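Biologist: I would like to learn how to read a model of this kind, feature by feature. Could you take me through it, giving the general idea before each case?

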Amino acid sequence: MSTRTPVGPIVAGVVMAVAIAGFALMDAAPARAQVAARVESQTRPNFGLLLDPPARTYRNREARHRRYDYRRHRPDWRPDHHPGGYRPGGEEVVLVDCGGNPGTGAVEDAVRRVRPGGTLVLRARGGPCVGWLNIDKPLTLIGESGFDPRDWERTDHITLQAPDGLPCMTVARGVRVDVRDVVFASPRAGDAACVVGYEAEIVMNRVGFRHAGDEAAIYADGGLLDIRNAVLDAQTIAPAIVAEGAVLNAWELTVLGAQSGLELIPGPGQTSRIAGATLRGTNAPNSFGPRSIGLMVRSGRDYGRVEVENVAICGYVEGVVVEGASVAIKDSRICRSDKGAVLYSGELRLEDSRIRASTVGVAAAAGHAVIVDNVFAGRMQEVIYREPRASVEAHGNRVWSQSICRPQFRDRYRGRYEPYWRPGDGWECASGSYPRDWWAAEDGLLGLPYDDDGHQLDGYDDYRDGYGWYDRDGRYISNQRWRGDDRWRRAGAGGGNER
């Protein structure tokens, strides 16, 4: 009788052990490779951050704006606790007579009472209405006392004031609200914007804002923001207005105090327009925090377009910044800036405008720029700067600059020299003083005294009238004996004052 050894199970066990060991060895190398790659990615410098502009200009928090909730900020607030109950929202016109009423819920109650399409009137004779208007139906909001933007410096009247850390007004998706003659205030806003809209239509006329906080005074996430005859005094490091994916129409708008003026991501399908506006910055250099930008236009998923006309942008480090959108600027003024306009990508058309800058008038890193019939002034290093990825069309531009427009002298006749200026790429130097009325409409808006940027040659007025010439060092030689071209043909005076 023979005894057989169970070879099959043994072989199977050996094969299984070998397979497990092989898989372990195969996993070890990728594991070590992943660890090495992770360490390398953490230690390798990211040159993209050095070369490309930041994706967000003013927020270091989450990309999406927070949606405000009373209970999260104020757990003690009980909006639903009314023993008598709310009246049904069927009233055509609701008048709220305010006298500084924080915590009473009168303003919130009034919104519920108005029927869809009705009118809410705020009377603030005894003090501002204090509350948060959470609007979820179409209505018209009117301030009884009226508002004139021309009297902004002399008025301290407030119509609606937000509770601390909360917005003044939020508008729900798909809702249209018309606001007239209202002065909003959010003196201690914190992380809250004063007016917030989500895919809403917000139409404002004759409105004012006194906002102090970390966020924008107005934040529109999609929808439409139409604002006219308005003054925004926004003491914030964020832009005064942020329109993200929204269509912005702004007319006769004045922005004061904010480190940045407007940030716009144009919505699809329509053109955003800004006309007759004044964006006045703090005129302070960027020592920390977000960049100081007057108007920033960035692209979203859709390639948006913005038209700017008759707008003054003064007191920002960068006047206009374009990133991936199409922007047309006409009959406008960019003043008191380091860089007048910067094109990172997209399209920029700058026409019939005046730009005052201390570093560069227009800088194009990529994209296509058309710069036509403009006036550049200031102690610039360059008028138009272009990198290889950018294409620039420039012509008809004039420059007043003591740093760029220094003349050269060439020998015209026997030691008699004439001045000349080398033309630039699409620009030429202008002679004479910079016009005072132009200065008054530019840096004069910031209260700065007149400073002539034009390069003045001694005796140049007489020289243009046909008298005298210059020596090789640029000193004017007066001569009344010969006039016009005779001074280049007549022999005699190698210098001196001849009569």
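Biologist: Let me begin with a helix: which are the buried residues of H4?

Modeller: Two cautions come before the reply. This is a predicted model, in which local features need pLDDT of at least 70 and side-chain atom pairs count only at pLDDT 80 or more, while totals for chains, interfaces and linings use all residues. Residues are numbered from 1 along each chain as its sequence is written, and side-chain values use heavy atoms, with hydrogens and water left out. As for the terms, buried means under 20% relative accessible area, exposed over 50%, and partly exposed in between, with a 1.4 Å probe and protein chains only; helices (H or I, at least four residues) and strands (E, at least two) are DSSP runs numbered from the N terminus. The buried residues of H4 are Val107, Glu108, Asp109, Ala110, Val111 and Arg113. Helix H4 covers residues 106-113, and because six of its eight residues are buried, it is largely enclosed by the rest of the structure.

Biologist: How many helices and strands are there in the protein chain, and what percentage of its residues count as buried?

Modeller: The protein chain has six helices and 30 strands, and 48% of its 499 residues count as buried. A contact means heavy atoms within 4.5 Å; among the contacts in the chain with a separation of 6 or more, 51% are between residues 24 or more positions apart. The accessible surface, computed by the Shrake-Rupley method with a 1.4 Å probe and, for residues, with only the protein chains shown counting as cover, comes to about 24600 Å², of which 49% belongs to carbon and sulfur atoms.

Biologist: How should I read a nonpolar core, and which residues have the most contacts inside the largest one?

Modeller: In soluble globular proteins, nonpolar side chains tend to be buried together. A nonpolar core is a set of buried Ala, Val, Leu, Ile, Met, Phe, Trp, Tyr and Cys residues joined through side-chain atoms within 4.5 Å. The largest one here has 85 residues, and Phe184, Met204 and Leu232 have the most contacts inside it. Strand E11 (residues 239-256) gives the most to this core, namely eight residues. Apart from it lies another core, of 10 residues, including Tyr413, Tyr417, Leu457 and Tyr460.

Biologist: What is methionine 204 in contact with, once its neighbours within four places in sequence are left aside?

Modeller: Methionine 204 is then in contact with Met169, Val179, Phe184, Val195, Phe209, Ile218, Asp226, Ile227 and Arg228.

Biologist: Where is the place of arginine 206, and what is its phi?

Modeller: Arginine 206 sits in strand E9 (residues 195-213), and it has a positive phi of about 55° although it is not a glycine. At 29% relative accessibility, this arginine counts as partly exposed. Aspartate 331, also other than glycine, has a positive phi near 50°; its place is in the loop between strand E18 (318-330) and strand E19 (333-351), and it is partly exposed, with a relative accessible area of 34%.

Biologist: Is alanine 325 buried or exposed, and what is it in contact with?

Modeller: Alanine 325, which lies in strand E18, counts as buried because its relative accessibility is 0%. Leaving aside neighbours within four places in sequence, alanine 325 is in contact with Val297, Arg298, Ser299, Tyr303, Gly304, Ser345, Gly346 and Glu347.

Biologist: Where is the place of aspartate 471, and which backbone nitrogen lies 2.8 Å from a polar atom of its side chain?

Modeller: Aspartate 471 is in the loop between strand E29 (469-470) and strand E30 (476-477), and it is buried, with a relative accessible area of 15%. The backbone nitrogen in question belongs to arginine 475. Beyond the neighbours within four places in sequence, aspartate 471 is in contact with Phe409, Tyr417 and Ile477.

Technical notes. Polar contact = N/O pair within 3.5 Å; in protein donor to acceptor, adjacent residues only side chain to side chain.
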